[in-house]
Amino acid sequence: MTATLDLRASLHGLPGVDKVGVEARAAALATRSVKTTAKAAAIDLAIRMVDLTTLEGADTPGKVRALAAKALRPDPADPTCPHVGAVCVYPAMVPYVAEVLAGSGVHLASVATAFPSGQAPLDVKLADTRDAVAAGADEIDMVISRGAFLAGRYDHVFEEIVAVKEACGDAHLKVILETGELATYDNVRRASWLAMLAGADFIKTSTGKVPVAATLPVTLVMLEAVRDFRARTGRQVGVKPAGGIKTTKDAIKYLVMINETVGDDWLDPAWFRFGASSLLNDLLMQRTKLTTGHYAGPDYFTLD
Amino acid sequence: MKAADTAWRHTLAKKPPAVTAPAAPVRLGVRKTYKLFIGGKFPRSESGRTYLVNGDNVALASRKDARDAVVAARAAQPKWAGATAYNRGQVLYRIAEMLESRRDEFAAQGVPVAEVEAAVDRWVWYAGWADKIAQVHGGANPVAGPFFNISAPEPTGVVAVVAPASFLGLVSVIAPAIVTGNTVVVLAAGPQAAVTLAEVIATSDVPGGVVNILTGNAAETAPWLASHDDVNAIDLAGVTDLELATELERAAAGNLKRVLRPGDPENDFTADPGLKPMVALLETKTVWHPKGF
């Protein structure tokens with residue numbers, strides 16, 4: 001009981017988020033112009049940060065194998081193009097991807113814990129997680145119980161994250177806050193701290209399954225949270241915006257925001273990822289434009 | 001519509017009317033900035049540049065405007081090609097109607113009345129071809145097997161056009177491209193008449209993005225369109241510099257674009273164009289359909 005009160009007290013003791021201020025700050029950072037060699041470097045970094053994702057009911061072994069092959073060699077026409085950060089699939093598809101990625105350095109992420117709603121009993125969620133890790137996933141993307149969080153049962157959410165973290169074993173744990181359902185920036189800040197206190201290795205914005213996904217202001221609030229958390233505890237936590245990031249321009253805005261908010265330490269695929277699928281093709285088209293000097297077209301990149 | 005001598009500098013230089021006379025108020029003319037036509041809208045150039053043509057301010061398109069126009073044309077293409085041929089014919093006929101009603105405007109810009117009338121007739125002529133080209137250019141093929149074999153013409157996609165200087169020439173390169181379901185990015189030579197044509201097209205039920213018109217220096221923007229991987233064909237009808245034409249052809253070879261080479265500079269657009277301008281921008285799809293036995 002005291003533990004519950006402590007958690008509630010510390011989460012509600014966090015300073016409130018200035019909504020207008022954070023939106024203005026995010027909008028101001030989005031106006032930077034990144035060109036030529038800096039742009040080329042940004043595009044390559046963004047490619048290395050992509051979690052190439054397919055989370056469809058219609059995913060087949062063939063489709064995820066093709067996606068994994070693309071993760072290894074995103075641009076078959078250019079051997080200097082780096083590989084992506086990870087492939088992200090449903091647990092049932094993990095074995096097929098693991099075959100392709102074995103020994104490549106590309107991570108294999110899997111969503112677990114009754115993704116995307118998180119509305120399932122804890123033992124089902126834990127079994128889901130253990131299955132995914134056993135099948136070869138080295139990163140687990142879990143969803144928090146938004147219902148419990150919004151009802152104020154922070155201890156329930158906290159204990160769930162702790163239990164899933166334990167079930168993960170050596171695998172990295174990314175905790176999806178589903179910010180589109182949290183309603184306020186204050187809640188985003190509280191949920192970020194809650195997840196980090198419970199042992200998350202990454203905090204992630206969204207499942208991509210609700211209309212409002214990653215936005216710049218939400219990501220800014222989360223970046224501030226990981227920065228303050230490291231200052232307080234010494235432990236560094238990664239951030240992953242997911243959903244709705246479709247263009248190179250968007251991706252570069254996020255990179256600028258990292259650099260200005262938390263600094264170079266997070267400008268690395270180990271600490272920042274983009275959850276995306278269509279973003280990669282746009283990055284490749286922009287990359288081709290820079291290397292060849294003429295505009296690229298979508299006909300020359302795979303559909304996935 | 002405005003006379004050539006009402007440039008704003010000129011107007012400002014005039015002395016204001018005497019203060020004492022409260023007579024008839026002097027009306028200030030509304031001057032027009034000639035803008036680009038991209039995706040059904042009339043934006044200024046992304047670069048913010050303009051240039052003067054006969055005292056008018058005209059937007060000077062940059063490579064990024066060309067890029068935006070290709071995006072708009074690509075987005076509009078499947079729906080335009082998917083519209084029924086009858087519908088496309090109706091839309092082209094509507095362009096002819098609107099052009100007819102704006103004849104005076106073109107005349108004021110120095111386009112001879114006979115040329116505007118010929119342009120109206122040209123739109124009507126192509127409108128009629130919309131639902132007939134497949135009959136003439138496609139058909140059933142006899143094959144030695146149990147197949148029903150048909151060849152059907154399909155639009156090639158996004159077509160970049162370096163338009164010739166004359167107004168009739170401009171219409172004669174746009175109409176054959178769009179009537180079959182292509183979308184176009186046009187680099188226009190005579191900017192005022194071209195933008196006025198864009199206004200005609202914008203009020204004729206042509207979906208946004210089917211025709212995009214850029215004004216400015218074709219030698220600057222054309223190479224970007226020629227090398228663009230998302231452009232399927234380029235018509236060099238208006239290129240007069242043969243060295244530039246060769247350079248554009250070379251750039252277009254990069255993604256195996258279809259190239260229509262510049263014609264005779266004395267090209268007579270008043271002659272019957274025949275089917276060639278339409279057929280040149282069509283792909284033939286042949287289908288082998290098994291006959292059930």
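**Asp56(B) and the two chains around it**

Asp56(B) sits in strand S2 of chain B, which covers residues 56-59; strands here are DSSP runs of E with at least two residues, helices are runs of H or I with at least four residues, and both are numbered from the N terminus. The model is a predicted one, in which local features need pLDDT of at least 70, side-chain atom pairs count only at pLDDT 80 or more, and totals for chains, interfaces and linings use all residues. Side-chain values use heavy atoms, with hydrogens and water left out, residues are numbered from 1 along each chain as its sequence is written, and chains are lettered from A and ligands numbered from 1 in the order in which they are written.

With a relative accessible area of 10%, Asp56(B) is buried (buried means under 20%, exposed over 50%, and partly exposed in between, with a 1.4 Å probe and protein chains only). The side chain of Asp56(B) also makes a polar contact of 3.0 Å with the side chain of Gln192(B). Such a contact is a pair of N or O atoms within 3.5 Å; within protein, one must be able to donate a hydrogen and the other to accept it, and residues adjacent in sequence count only if both atoms are side-chain atoms.

Of the 293 residues of chain B, 43% are buried. Among the contacts (heavy atoms within 4.5 Å) in chain B with a separation of 6 or more, 78% join residues 24 or more positions apart. Chain B exposes about 14,700 Å², of which carbon and sulfur atoms supply 57%; accessible areas come from the Shrake-Rupley method with a 1.4 Å probe, and for residues only the protein chains shown count as cover.

Turning to chain A, 12 helices and eight strands are found. The C-alpha trace of chain A spans about 65 × 45 × 35 Å along its principal axes, and 53% of its 304 residues are buried. For contacts in chain A between residues at least 6 apart in sequence, 76% join residues at least 24 apart. Chain A exposes about 12,600 Å², with 56% supplied by carbon and sulfur atoms.
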